[in-house]
Amino acid sequence: MAVQLLTPEGMFAPVPYHHVSVGTGTRQVHVAGQIARDAEGNPVATGDLAGQLAHALRSTARGLAGAGASFADVVRLRFFVTNWSPDKYDDFVEGIARVVDELGIPQPLPPLSAIGVDYLFEPDVLVEVEAIAVLD
């Protein structure tokens, strides 16, 4: 396997993700920010952070698969969430939980950042997901 996930002793815990990933492959896969849009570009789960996040992760999985990768190959996830506040945490976690088994997302998650932003490219978009994977 090209990716090893770990959390060295003494790093902040407990968190639902690993702090470190080691990629030993030779091919990198970068999936651009995925949002809650269907294949025709129509909005999905308007006003529903958990629903939008689940859809964006499904789209991320499609992008990974198109390059011959899966979430098992991901070394880094980045989430951009509009108007972030701590009260959105439960919906954020729920969106991930909805698709963990379906998409084979490792638990704990690969290293990630969740970044609060004022807005994304269209007003109804609540979350965007980026992924970086490494393949043998």
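A salt bridge is defined here as a side-chain nitrogen of Lys or Arg lying within 4 Å of a carboxyl oxygen of Asp or Glu. The model is predicted, and local features were therefore taken only at pLDDT of at least 70 and side-chain atom pairs only at pLDDT 80 or more, whereas totals for chains, interfaces and linings use all residues. Residues are numbered from 1 along each chain as its sequence is written, and side-chain values use heavy atoms, with hydrogens and water left out.

Side chains of opposite charge can pair when their charged atoms come close. Under the salt-bridge criterion, six salt bridges are counted. One of them joins the side chains of Arg58 and Glu102, with an N to O distance of 2.8 Å. Helices (H or I, at least four residues) and strands (E, at least two) are DSSP runs numbered from the N terminus. On this assignment Arg58 belongs to helix α1 and Glu102 to helix α3, and the pair links distant parts of the chain, 44 residues apart. Accessibility is classed by relative accessible area, with buried under 20%, exposed over 50% and partly exposed in between (1.4 Å probe, protein chains only). Arg58, at 27%, is partly exposed, and Glu102 is also partly exposed, at 48%.

A salt bridge is also formed by Arg78 and Glu130, whose closest N and O atoms are 3.0 Å apart. Here strand β4, which holds Arg78, is linked to strand β6 (residues 127-135), which holds Glu130, across 52 residues of the chain. Arg78 has a relative accessible area of 25% and is partly exposed; Glu130, at 24%, is partly exposed. The side chains of Asp48 and Arg98 meet at an N to O distance of 4.0 Å. Asp48 is in the loop between β3 (27-34) and α1 (49-66), while Arg98 is in the loop between α2 and α3 (100-103), 50 residues apart. Asp48 is partly exposed at 29%, and Arg98 is partly exposed at 41%.

Aromatic pairs were assigned to rings of Phe, Tyr and Trp (its six-membered ring) with centres within 6.5 Å; planes under 30 degrees apart count as stacked, over 60 as edge-to-face and the rest as tilted. This rule gives two aromatic pairs. The ring centres of Phe79 and Phe92 are 5.1 Å apart and the planes stand at 80°, so this pair is edge-to-face. Phe79 lies in strand β4 (residues 74-82) and Phe92 in helix α2 (residues 89-97), so the contact ties together parts that are 13 residues apart in sequence. Phe79 is buried, at 1% relative accessibility, and Phe92 is buried at 6%. Trp84 and Phe92 form an edge-to-face pair, with ring centres 6.0 Å apart and planes at 80°. Together, Phe79, Trp84 and Phe92 make up one aromatic cluster.

Trp84 is located in the loop between β4 and α2 and is partly exposed, at 35% relative accessibility. Trp84, Tyr89 and Val93 make a nonpolar surface patch of about 270 Å². Patches comprise residues with over 30% relative accessible area and no salt bridge, joined within 9 Å for like charges and within 5 Å for nonpolar side chains (Val, Leu, Ile, Met, Phe, Trp, Tyr); accessible areas follow the Shrake-Rupley method with a 1.4 Å probe, only the protein chains shown counting as cover for residues.

The largest pocket holds about 250 Å³ of space. It is lined by 14 residues, of which Pro16, Tyr89, Phe92, Val93 and Ile96 are the closest to its centre. Helix α2 supplies the largest share of the lining, five residues, and α2 and β5 (112-117) each contribute at least two. A pocket is an open set of points on a 1 Å grid over the protein atoms alone, where a 1.4 Å probe fits, with protein on both sides within 12 Å along at least five of seven lines, and lining residues have an atom within 4 Å of a point. Its volume is the space filled by probe spheres set on the points, which are joined across faces, edges and corners.

Most residues other than glycine have a negative phi, and most peptide bonds are trans. A cis peptide bond joins Ala13 and Pro14, with omega about 0°, and another joins Gln107 and Pro108, with omega about -10°. Pro14 is in the loop between β1 (3-6) and β2 (20-23), and Pro108 in the loop between α3 and β5. Ala45 has a positive phi of about 55°, and Asn83 has a positive phi near 45°.
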